[in-house]
Amino acid sequence: MTKKHLITCSVMLVVVIISAFDLSNATVVKRPSVAHNATRFALIEPPKDEVADYSFAEENLPVENKRVNRKMSYSLWMHSYTKVQSNILHIKAEKLFPVIVPILEKYGIPEDFKYLPLVESGLREGTSRKGARGPWQFMPGTARSYGLKVSKNKDERLNLRKSTVAACKYLNELFDEFGSWTLAAAAYNNGSIKLVRAMHKQHEENYFRMHLNHETGMYVYKLVAMKQVIENPEKYGYKEFYAQAVTNTDLMTFN
C-alpha cells in the first residue's frame, strides 16, 4: 500500500469516527424531549385495562374513538388532585349523596346522576352569573315550573331534598323526550330546544358523535370523570380526606 493510500484510509477512518460520534450525540439530545412528551401524555391517558369501566347511566363510552378518548382523558386530568388541589368534591359528596341517592331511586333516575350537582356547583357556591342557584343550579323560571318557591324571602332551590325532587321530575321529562340518559344530561345543561336543533342539523342522535358547544360537549365527560374521582380517589392523586360536619352556615338546607 502506497503512502497516498495510507493517508486516504486514515482520513476516511477519522470521518467515520466523527460521524458515529455526532450520530450518538444526536440520539442523546433527542431522548429527553421524547421522554418529556411521553410523561405529559401519561398524565391524562386513561389506563388501557380500565377503558371499559367508563360509563354513564349504564351506557359505555366509545373510548375506542380517538376523539372520545382524548376528551375523557382531558376531563379526568382536569378533575385530578393535580388540578383541583382540594378535597372539597369528596366532602360535598359525603354530604349530598345520602340525601340524593334515595330520591333518585324513588323516581327511577340512574344513580350516576348523583354526580350532576357536583359538576353543576363544583368548587363554588352561590348564584351563577346567569342566575342559576342551588345544588342542581336551577334558573328561577325552571325551578318554579317544577314546584319550587323562588322569592326574595324564600328560595327552595337551596333545599336539597325539594330541589332534588324537582330535578328528578325534569330529568324524567328529558328522558321521555330524548330516549337517552346521556342526551337527557346534555339537555339539562344546554336546554332541550338547543339540543334538538343540533340533532336535526347534524342528523345525529348519539351524544358522543355530536359536535356541541364546549360546555355541553364536555358535560357527560365531566360527569364520568367526577364518578371516577369520587369512587377511586387515590388513583387520581387524592389522599385522605375528612368530611366536615354540616353546620347552620351551610348554603343548602336538607329539609
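User: What is the handedness of the crossing of α7 and α9?
Analyst: The crossing of α7 and α9 is right-handed. Residues are numbered from 1 along each chain as its sequence is written, and side-chain values use heavy atoms, without hydrogens and water.

User: At what angle do α7 and α9 pack?
Analyst: About 20°, with the axes 12 Å apart. That makes α7 roughly parallel to α9, since angles under 35 degrees count as such. Helix α7 covers residues 160-178 and α9 covers 192-202.

User: Which residues meet there?
Analyst: From α7, L174, E177 and F178; from α9, S192, L195, V196 and M199. Contact means heavy atoms within 4.5 Å. Five of these residues are nonpolar, one is polar and one is charged.

User: New topic. How many aromatic pairs are there?
Analyst: The structure holds 13. Ring centres must lie within 6.5 Å; planes under 30 degrees apart are stacked, over 60 edge-to-face, the rest tilted. One of them, F113 with W181, is edge-to-face, at 5.5 Å centre to centre and 65° between the planes.

User: Where do F113 and W181 sit?
Analyst: F113 is in the loop between α4 and α5, and W181 is in helix α8, 68 residues apart.

User: What is the mean pLDDT of the chain?
Analyst: It is 81, and 72% of the residues reach 70 or more. pLDDT is the predictor's confidence in each residue, from 0 to 100. Over residues 13-44 pLDDT stays under 50. Where pLDDT is low, the predicted coordinates should not be read in detail.

How values were computed. This is a predicted model: local features need pLDDT of at least 70, side-chain atom pairs count only at pLDDT 80 or more; totals for chains, interfaces and linings use all residues. Axes are lines fitted to C-alpha atoms, for helices over the stretch in contact, and angles run from 0 to 180 degrees between N-to-C directions. Helices (H or I, at least four residues) and strands (E, at least two) are DSSP runs, numbered from the N terminus. Angles under 35 degrees count as roughly parallel, over 145 as roughly antiparallel, 65 to 115 as roughly perpendicular and the rest as oblique. A crossing is left-handed if the near helix is turned anticlockwise from the far one by less than a right angle, and right-handed if clockwise. Ala, Val, Leu, Ile, Met, Phe, Trp, Tyr, Cys and Pro count as nonpolar, Asp, Glu, Lys and Arg as charged, and the others, Gly among them, as polar. Rings of Phe, Tyr and Trp (its six-membered ring) pair if their centres lie within 6.5 Å; planes under 30 degrees apart count as stacked, over 60 as edge-to-face and the rest as tilted.
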